[in-house]
Amino acid sequence: MMHQGPMITNQGRELVGRAAFLTGCVALLGLVGAADMALAQESVAAQAPTAYRDLPIIGSRNLVWIIAQLHLLLAGFVLGVPIFAWLCEIVGWKSGDKRYDKLAKEFTKLLTSSYATTALFGGILLFLLIGFYPKLMAYLTDIFFPSFLVYCALFLVETATLYLYWYGWDAMSEGNGKKFHIFLGLLLNVFAFFIMIVPNSWATFQASPVVLAEGTDFERAWAATWNPTWWPVNIHRLIANVVLGGYICGAYAGIRYLSAKSQEERYHYDWMGYVGNFIGVFGLLPLPFAGYWLMREIYQYNQQMGITLMGGFLSWLFILQAMLIGVLFLGSNYYFWLGITHRIPGSEAQYRKPIMAMLIILLLCLAVWMTPHSLVASLAEAQQMGGTHHPLLGVFGVMSAKMTVSNLMVLVTFMSFIMYWRAGKQDTAGWAKVAKAVMGAVLALAGIAVIILGVWGYFVPAIIRINYFSTSQVGIVIFVMLTITPLTALLLKSAKTTTEMVWGKMPPRAGYALVLNAIMVILLMTLMGYARSSSRVHWHVYGVMRDSSQYAFSPALGYAAALMALNTFLFCMLVAFIFWVATMGDKAKAAAGAKGSVEPGTIPAMAGGSQALDGPAPDTAQQNRPV
Amino acid sequence: MSEVVKLQLIGLCVVGFGTIILLFIKSQFLRVIGFVSIVLGLFALVALAVPQMASLPPAEESINIADIKTPTDMATIGQKIFFSKGQCALCHSIGPSESARCPDLKGIGAKLSREFLYESLTEPQAYLYLDFRHEGIPKEYPARMPYINKNPIGLSKNEILSVIAFLQQMSGEPISVNPSELDLPRATPAPVKAADAGSLAIAQAR
């Protein structure tokens, strides 16, 4: 690219030269042409290259902020939904439960319209960036041009695969065709993953640039791509997209459940909400670990950037983050608990005490997580406290305490999930008692070890705490998950179902809990996007290219939060519109079906409206089958 | 009325709007919109309740050669370039560091001559480390150091000399670079008249 720049300039000059020659010929015929050319040349000579452009009233940065945020959220949705749909398709194929296949198809249908909307916002964003930040875009293009081409190629193959995946659903629904279809789903996700990580390299290069030595265009782009925060962001976003896909599915199911007219609809959307929440929680549990890795890499790359984030002007942002994550954990657990008490008759009394204990632990953990490191106090208050740290609460404001409670919250949520999984079943295996004792011991020891490491963390240097103690805490929690999940699965294989799960009996607040979870995830994405962008402070490319525009400052949290709320609302409206458009035909089909030959009790027509999939209604036994 | 107060009022209105919807509207979809409005409004209000700190950029500094009188002035400018445009601190540290990817530059001004420093910056591949620990042609280890005087960093001669001055000063060495070595900016060319520009354009076209 470095060499291509002059080449393009030369070609440009040649073209300009030819044009000027032709104009010169015309000028021989009349003086007007020559005069025009001279004036044009003068204006070119007088103009300096434009670094920034602005827009009145709204401002260039706000507009880019809104469009970029909507594009990123839509992209997260478009990349998260294929993972969600593919997992559901596999479960449906393996278990023979057609509901999963229908669910997968319903969400794949959304992809076609949401994919176009995402691309539309991507296009708008590109035009705005080129228009508002020409100097920065020229710099990034100079470095990343080869990856732009790769990105375009990936889009082509992703689009072709998506068309095959969606339009081939019915044609490839049986036998080897189904296997091939699942393979297409895998390809779709692989391409989607690469579509995500290529632009991630551009954004992460801005935050953690590396020095580019001499080399070919490709070598320089490759070196810039492999910057220190690229992979942590890739992994973090991949998991976050699964979470977003799951919770948006849950929110959609929640809204449809709230407005359901028949028992069949309630049954179906209750079950869909369960699946969405399950996948959301499944992704949520490892997400803090990925976030921790990202933060660690940021600190290792540039301590100042880490301090700006955690201890500088963005430190209060992490209190807000704690609040949102806390509400998300509470909302997810609450939904599990509602499921236990309403879907499994008779279990309310049995699980009341453990639920109460878990709620108290979660609230205590949340309180610790939300304790600020230093308080805003007047001089008199500070003197009374003996500093800006509260003598008692100040202990909870440091990372050691926050790492401990976040791990405990993950453990509690995991146990909620296990409890829900085991509810209404009785173990029959001979080794069940031993297994349960082992699981109890693992959980108790893990909880104690996490707390001990957290307390010990106060008495060791930060580097030891970060490198060894915090990573050990994460390792312990992962160990618990990897031990208890397979043990529970083995136990439940031979377990006897004592109480069948009843779908469609959840109270309306369950639907609102699902909507709340989705809003929390979206807000978290907008909040952390602001954090990532603001951590660069007044640099377009950290330490390399300074932002010298009037918007070089990072706005305060309140102003930013107002924009985040607006973006979240706009995104929700966009998604609602996409859902509405995608299901418009199904509603008409359902209405026609109701007048025609469809048997009473049939599940409302789902996306795609396939005869094969929208078959006869599930009987009562299927409605009540355990999942 | 300050911006924060205005935003707080908007937040309160949004929460109120959501509450009214929940209280008086039956449509489930609209009720969900009301619920979402309350959540988003509360979020904004909480964010507005915490200390409001904006990050303001430091003033941009430009090098004016006329202001450089002593080698120490050059070292001061060199330090700024080292940590900003020069991007040296992206890889190098001054003193031991776990995050540094390239050699520690503490005391480098005392170890290397000024000429060698200049060559290392502008011709990093001039001297290569060769590995003779095997038979045949020695293995070359090209330097990872970029050409500082070329794009994308593109430091000028004046800037490179300033960085060398900083490296020497930081190493406790006498600064061997003198302000008299700096290239003075060329006189700004006189604006070209329209008539002359026309002939210039035709000359370029030819």
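In this predicted model, the C-alpha centres of domain 1 and domain 2 of chain B lie 57 Å apart. Domain 1 covers residues 3-49 of chain B, and domain 2 covers residues 65-181. Chain B contains seven helices and two strands. Their order from the N terminus is α-α-α-α-α-β-β-α-α. Of the 206 residues in chain B, 27% are buried. Contacts in chain B between residues at least 6 apart in sequence were also examined; 55% of them join residues at least 24 apart.

Confidence was then considered for chain A. Its mean pLDDT is 82, and 83% of the residues of chain A reach 70 or more. Residues 1-42 of chain A stay under 50. For this stretch the model has 35 contacts beyond four places in sequence. The pLDDT is also below 50 over residues 597-627 of chain A. Where pLDDT is low, the predicted coordinates should not be read in detail.

The largest nonpolar core has 172 residues. Those with the most contacts inside this core are A:F84, A:V515, A:V521, A:A561 and B:A44. With neighbours within four places in sequence left aside, A:F84 is in contact with A:F107, A:V242, A:G245, A:G246, A:C249 and A:I279. Another core, of 22 residues, lies apart from the largest one. Its members include B:I81, B:L161, B:F166 and B:L167. In soluble globular proteins, nonpolar side chains tend to be buried together.

Helix α8 of chain A comprises the 29 residues 230-258. At 1.5 Å a residue, α8(A) should span 42 Å. The end C-alpha atoms of α8(A) are 41 Å apart, so the two values agree. This helix is mostly covered, with 26 of its 29 residues buried. Helix α18(A) has 27 residues, and at 1.5 Å a residue it should span 39 Å. Its end C-alpha atoms are 39 Å apart, in agreement with that expectation. Helix α18(A) is mostly covered too: 21 of its 27 residues are buried.

Backbone angles were inspected next. Most residues other than glycine have a negative phi. A:I57 is not a glycine, yet its phi is positive, at about 70°. A:I57 sits in the loop between α2 (31-46) and α3 (60-95) of chain A. With 6 other C-beta atoms within 10 Å, A:I57 is exposed, because a count of 12 or fewer marks an exposed residue. A:V537 also has a positive phi, near 40°, and is a residue other than glycine. The loop that holds A:V537 runs between α18 (508-534) and β3 (539-541) of chain A. A:V537 is buried, because 22 other C-beta atoms lie within 10 Å and the cut-off for burial is 20 or more.

A further position was examined in helix α16 of chain A. This helix spans residues 432-456 and includes A:I451. A:I451 has 15 other C-beta atoms within 10 Å and is therefore partly exposed. In sequence, A:I451 and A:L408 are 43 residues apart. In space, the C-alpha to C-alpha distance between A:I451 and A:L408 is 8.4 Å.

Notes. Residues numbered from 1 in each chain as written. Chains lettered and ligands numbered in written order. Predicted model: local features only at pLDDT ≥ 70, side-chain atom pairs only at ≥ 80, totals over all residues. Helix = DSSP H or I, 4+ residues; strand = E, 2+ residues; numbered from the N terminus. Contact = placed C-beta atoms within 7 Å. Core = buried A, V, L, I, M, F, W, Y, C linked by C-beta atoms within 7 Å. Domains from an automatic or database assignment. pLDDT = per-residue confidence, 0-100. Expected span 1.5 Å × (residues − 1).
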